[in-house]
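Me: I've just opened this one for the very first time. Can you walk me through a few bits of it?

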Amino acid sequence: MKRLLVALISVGLFAAATVACASPGAHGPNGEHLDGPAVAKVDGLARLPDGSVQVPVPAQRRMGLLTRFVPLTDAPAALQLPGRVIVDPNAGGRVQTVQGGRIEPGPRGLPVAGRRVRRGEVLAYVRFHGEPFAKANQQAALAELQANREIAAQRLQRLRSLEGSVPRKDVEAAEAELASLRTRERDVGASLQAREALTAPVDGVIASANALAGQVVESRDVLFEVVDPSHVLVEASTADPAIVPRISGARLQEQGDVKLTLAGASRVLRDGQLTLTFHAQTDKGRALPLAVGQTVGVIVTLDTQLKGFVLPASAVVRNPANEAIVWIKSGAERYIPQPVAYRPLDSASVVVTQGLGEANRVVVQGAALIAQIR
């Protein structure tokens, strides 16, 4: 009986010690316990009073949760900058009218946005309309030139009929005068029906069309914009001019297959920001999935290294207080939210610099689903 009593006491002490010990992976970067006080056992998916979440094993499989231990590594420092897509001045252009007038369709009709055009292709015509007084003066000048041209033709005919009795120079002078009058008559007559041909400045696609048949436009109105969708620029801004010589690479946050190459940096602040310009291109030469004016996030990689834990970007979520957190697995069915500080690494990865330790088992897939459990 005494032996049985000793054995029961030993089992009880062992069970108590097991409950008091924190689960694997539930320690912070400095060895502190992340587990809170013991909570009552509940069934099913539930958010516990200490902020942790209980996820039964069958639910973990349905949600596709994946965890792993993440080693401390050296990763390149990176920054995320706001940017937007702009037109490459060497692969895009605007079509404007110089004099203004009335719009007339081109040989293929008026183009619409999205139509591909070739350089030099006539997109539309602008028929010039002058003031009534100026038009009347042109018509009077044309009538006078026509009369002078008829008189010069008759005079030349008479001189040619007297060939041999008049000097050759008089005949040549009459011929030159007649040719001059014919040229002036043709130019003045053409000015009365003048129209300006609007041509595409580059090969590309019509990005915007602001012309209708019969529309009256003023000089310098932008009627069409033509861009080459395979050649665009990305303009980013930063308040720190010192990062420019440290940039070793850049990518778009939303489009991981789009690579950016630094084309140059402005040396003049605009609204307190320095402008960086990048050439955009895809890894496999495909068409760029970008539109002019689109807002994008630019991840700039620097030539310095920092220590941290590399995680998928989807592993970092936000708690109700809008803090960045990751979920740490503590035990078979319990997940603890851990606030972290992180920096972007590329379009799909981040580097956690504070808040994690090497003993933490981090949720790398399905973190957003855990955050939705209430």
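A first look around

Reply: Strands here are DSSP runs of E, at least two residues, numbered from the N terminus. Keep in mind that this is a predicted model, where local features need pLDDT of at least 70, side-chain atom pairs count only at pLDDT 80 or more, and totals for chains, interfaces and linings use all residues. Residues are numbered from 1 along each chain as its sequence is written, and side-chain values use heavy atoms, with hydrogens and water left out.

Me: How many bridges join β8 and β9, and in which sense do they pair?
Reply: Five bridges, antiparallel, with β8 covering residues 122-127. Two strands pair if DSSP finds at least two bridges between them.

Me: What's the strand order of the open sheet?
Reply: β9-β8-β6-β11, four strands with antiparallel pairing.

Me: And why is one side of β9 and of β11 left without a neighbour?
Reply: β9 (195-199) and β11 (216-217) stand at the edges and have a single partner strand each, so one side of each has no neighbour in the sheet.

Me: Which residues are on the covered face of β9?
Reply: Glu196 and Leu198, while Arg195, Ala197 and Thr199 are on the uncovered face. In a regular strand, side chains alternate between the two faces of the sheet.

Me: Where does the charged end of Arg195 sit?
Reply: Over the ring of Tyr125, 3.7 Å from its centre. That label needs CZ of Arg or NZ of Lys within 6 Å of the ring centre and within 35 degrees of the ring normal.

Me: New topic: is Asn319 buried or exposed?
Reply: Asn319 counts as buried, because its relative accessibility is 18%. Buried means under 20% relative accessible area, exposed over 50%, and partly exposed in between, using a 1.4 Å probe on protein chains only.

Me: Where does Asn319 lie?
Reply: In the loop between β18 (317-318) and β19 (324-330). The C-alpha atoms of Asn319 and Gln372 are separated by 9.4 Å, with the two residues 53 apart along the chain.
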